[in-house]
Amino acid sequence: MLKVWESLDSVCAERLTPSLLRMAQHLAGFGVLSLTAEIEAQLSTISCATVQRMLRKNRSRKTRLPRKGPERANQVTKGVPMGLRPWDMQQPGHFEVDLVHHSGETTAGEYLHSLQMVDVATGRQ
């Protein structure tokens with residue numbers, strides 16, 4: 001189950017459970033893991049709660065980037081005027097902004113940021 005979870009980029013149990021058997025069969029086809037009829041039967045009937053318990057044990061072992069609490073993040077953006085706009089806004093000049101930090105599991109070494117701005121009215125970048 002862990003190989004399937006990692007191949008799906010560590011999704012939550014609610015998203016993992018329905019696709020667990022199908023992805024395990026897919027990975028077995030590539031020789032990444034081996035499946036028996038017994039394991040397939042177990043994967044087809046496993047509950048979401050069981051998957052959550054199994055993931056909880058292994059999530060703590062996986063290294064993650066440090067996260068700052070929402071209070072600290074909100075202090076940075078307090079001076080920036082922003083808000084929600086209707087999706088069908090007709091007036092140009094209102095943007096959806098996406099900032100992504102590309103570094104992998106660590107911030108050491110080389111990395112980059114990408115900033116994408118899309119005008120809500122025109123769809124232009």
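**Group meeting: a walk through a predicted chain**

Let me start with Asp-9, which counts as exposed because its relative accessibility is 65%; exposed means over 50% relative accessible area, buried under 20%, and partly exposed in between, with a 1.4 Å probe and protein chains only. Before going on, a word on the source: this is a predicted model, where local features need pLDDT of at least 70 and side-chain atom pairs count only at pLDDT 80 or more, while totals for chains, interfaces and linings use all residues. Residues are numbered from 1 along each chain as its sequence is written, and side-chain values use heavy atoms, with hydrogens and water left out.

Back to Asp-9, then. It sits in the loop between helix H1 (2-7) and helix H2 (13-29). Helices here are DSSP runs of H or I with at least four residues, strands are runs of E with at least two, and both are numbered from the N terminus. What is the phi of Asp-9? It is near 65 degrees, a positive value in a residue other than glycine. Most residues other than glycine have a negative phi. Ser-10 lies in the loop between H1 and H2 too, and its phi is positive as well, about 55 degrees. Ser-10 counts as partly exposed because its relative accessible area is 22%.

Now the whole chain. It has five helices and two strands, and from the N terminus the order is α-α-α-α-α-β-β. Of its 125 residues, 16% count as buried. The chain exposes about 10100 Å², with carbon and sulfur atoms supplying 53% of that; the areas come from the Shrake-Rupley method. For contacts, meaning heavy atoms within 4.5 Å, take those with a separation of 6 or more: residues 24 or more positions apart account for 46% of them.

Last stop, helix H4 (residues 48-59), which holds Arg-53. Arg-53 counts as partly exposed because its relative accessibility is 45%.

Thanks, everyone, and happy to take questions!

Note on methods:
Areas by Shrake-Rupley, 256 points an atom, 1.4 Å probe, with all protein chains shown as cover.
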